Amino acid sequence: VTPGITLEVSGRPAGLTLDYDPSYVTYVDGTYENYWRHAVNLDGWWQAGRHTRFELTNAFLNTEDPISDDDLTVRDSRNPYTRNTANISLEQQFGEENVATLGFEYSILENDDPTVDDSQEFVPSFELTYWMNVRWGLDFSAVYRRAEYDVPAPDVPDDFDSLYGSLRLLHRFNRHITGFLGYAHTYHDYEYSDQDLLLNDYTIHDAFAGFEYDINDTTFLSVTAHYFVRDIEDGSDDDGTPIDLDFTKTFQRGSVALNAGGGYNYTTVSAENLGYYVYYGGGLTADYQFNRRITGDLLGFYEWRDYRDVPGGREDNVFRGGGGLSFELLRWLTMRAGYLYRVVDSTDEVNNYRENRVSLLFTIAPPQPFRL
């Protein structure tokens, strides 16, 4: 049962929105204790000047639900955990299309389960988009990442520092098509290097090229081809050649979005600390309004992950699919019937699971917000 509330304060130069959704969870068979979940989202902005904007966001979650759309690693218990991510950014526009953004993100994960590592992450960043003329432009980004882990002795923490830089050369062929050619460089430095645990410092070289195509006001296509190499100190190098594709289409009564591709990433602030991994996958989401009162939605998602820093290796196949129908029974009452299926097929068999969720949700909310 979730009694949610949204508070909004808005004016000409600034605004602030707070969403708080506490949920009371009770288990029918008494296997687990009853529990309160808390979800708080804060969004704020300040237009400090005509070309200067400040934004603040914070997402807080305290729950015992082991399934998360943001974390694909496996959590095999219902012990509570807390996740919080805060972002601040300062954006300065100079010229019609030139923008510089300075940002900082702080994330933290704390677990009641003693077998799951607590962790935190500090991420300052800088982005710059600069068009030299109507045809040619540059896109630059730099990100520093500091990750710290609280692990029980005698385990070795995987604390690390990484520095990422990317530069794209942009060329606008016409008002619909923009091509780009770029290079990204990542340096990953472990605080405690350990050859036996595969904690080796490494450098990633990533060359890429692609284009963005605004087909019309309702259709967008983006394609990017990569070739990356991970140069590992005192280890074997590896590489990959993913192609990323993003397609969105908006209709009068609905929309569809398709994405596919791959690349590399690192598990941080997650249930399992598995280090560097290569992934390939894709997803599809769609929604359609059948009439004024009935709306349907559909999703499908698949991702293959190769965790290359895990001793002995580990590969996960993760699939999620489902859909639902929403009915506006009254102006203040909405019902949604939904189904969600998740499966993880891992070479580490203790992490395999399948889950079926069938839901019938009733939402009671005023048709118009209360205003002071």
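Reader: How many aromatic pairs does the structure hold?
Author: The structure holds 13 aromatic pairs. Rings of Phe, Tyr and Trp (its six-membered ring) pair if their centres lie within 6.5 Å; planes under 30 degrees apart count as stacked, over 60 as edge-to-face and the rest as tilted.

Reader: What about Phe126 and Phe140?
Author: Their ring centres are 6.5 Å apart and the planes are at 55 degrees, so the pair is tilted. Phe126 is in strand 7 (residues 118–131) and Phe140 in strand 8 (residues 136–150), so the pair ties together parts that are 14 residues apart in sequence. Strands (E, at least two residues) are DSSP runs, as are helices (H or I, at least four), numbered from the N terminus.

Reader: Before going on, what is the source here?
Author: This is a predicted model, where local features need pLDDT of at least 70, side-chain atom pairs count only at pLDDT 80 or more, and totals for chains, interfaces and linings use all residues. Residues are numbered from 1 along each chain as its sequence is written, and side-chain values use heavy atoms, with hydrogens and water left out.

Reader: Which residues form an aromatic cluster?
Author: Tyr277, Tyr279 and Tyr307 form one.

Reader: Where does the charged end of Arg168 sit?
Author: It sits over the ring of Phe180, 4.6 Å from the ring centre. The criterion is NZ of Lys or CZ of Arg within 6 Å of the ring centre and within 35 degrees of the ring normal. Arg320 likewise lies over the face of Phe301, at 4.8 Å from the ring centre.

Reader: New topic. Which residues of the largest nonpolar core touch the most other members?
Author: Of its 14 residues, they are Tyr149, Phe160, Tyr202, Ile204, Phe228, Tyr266 and Tyr276. Such a core is a set of buried Ala, Val, Leu, Ile, Met, Phe, Trp, Tyr and Cys residues joined through side-chain atoms within 4.5 Å. Buried means under 20% relative accessible area, exposed over 50%, partly exposed in between (1.4 Å probe, protein chains only).

Reader: Which strands each supply at least two residues of this core?
Author: Strand 8, strand 11, strand 12 (219–232), strand 15 (254–266) and strand 16 (276–289).

Reader: And what does Phe228 touch?
Author: Not counting residues up to four places away in sequence, its contacts (heavy atoms within 4.5 Å) include Ile204, Tyr276 and Val278.

Reader: Is Thr203 buried or exposed?
Author: Thr203 counts as buried, at 15% relative accessibility. Thr203 is in strand 11 (residues 202–216).

Reader: How is strand 1 joined to strand 2?
Author: The two run antiparallel, joined by 6 bridges; DSSP must find at least two bridges for strands to pair. A hairpin through 3 residues links them, and Thr6 stands opposite Asp19 in strand 2. The count of buried residues among the 6 residues of strand 1 is 0.

Reader: Last one. Which side chain has a polar contact with that of Gln47?
Author: That of Arg53, at 3.0 Å. A polar contact is a pair of N or O atoms within 3.5 Å; within protein, one must be able to donate a hydrogen and the other to accept it, and residues adjacent in sequence count only if both atoms are side-chain atoms. The backbone oxygen of Thr52 lies 3.4 Å from a polar atom of the Gln47 side chain.
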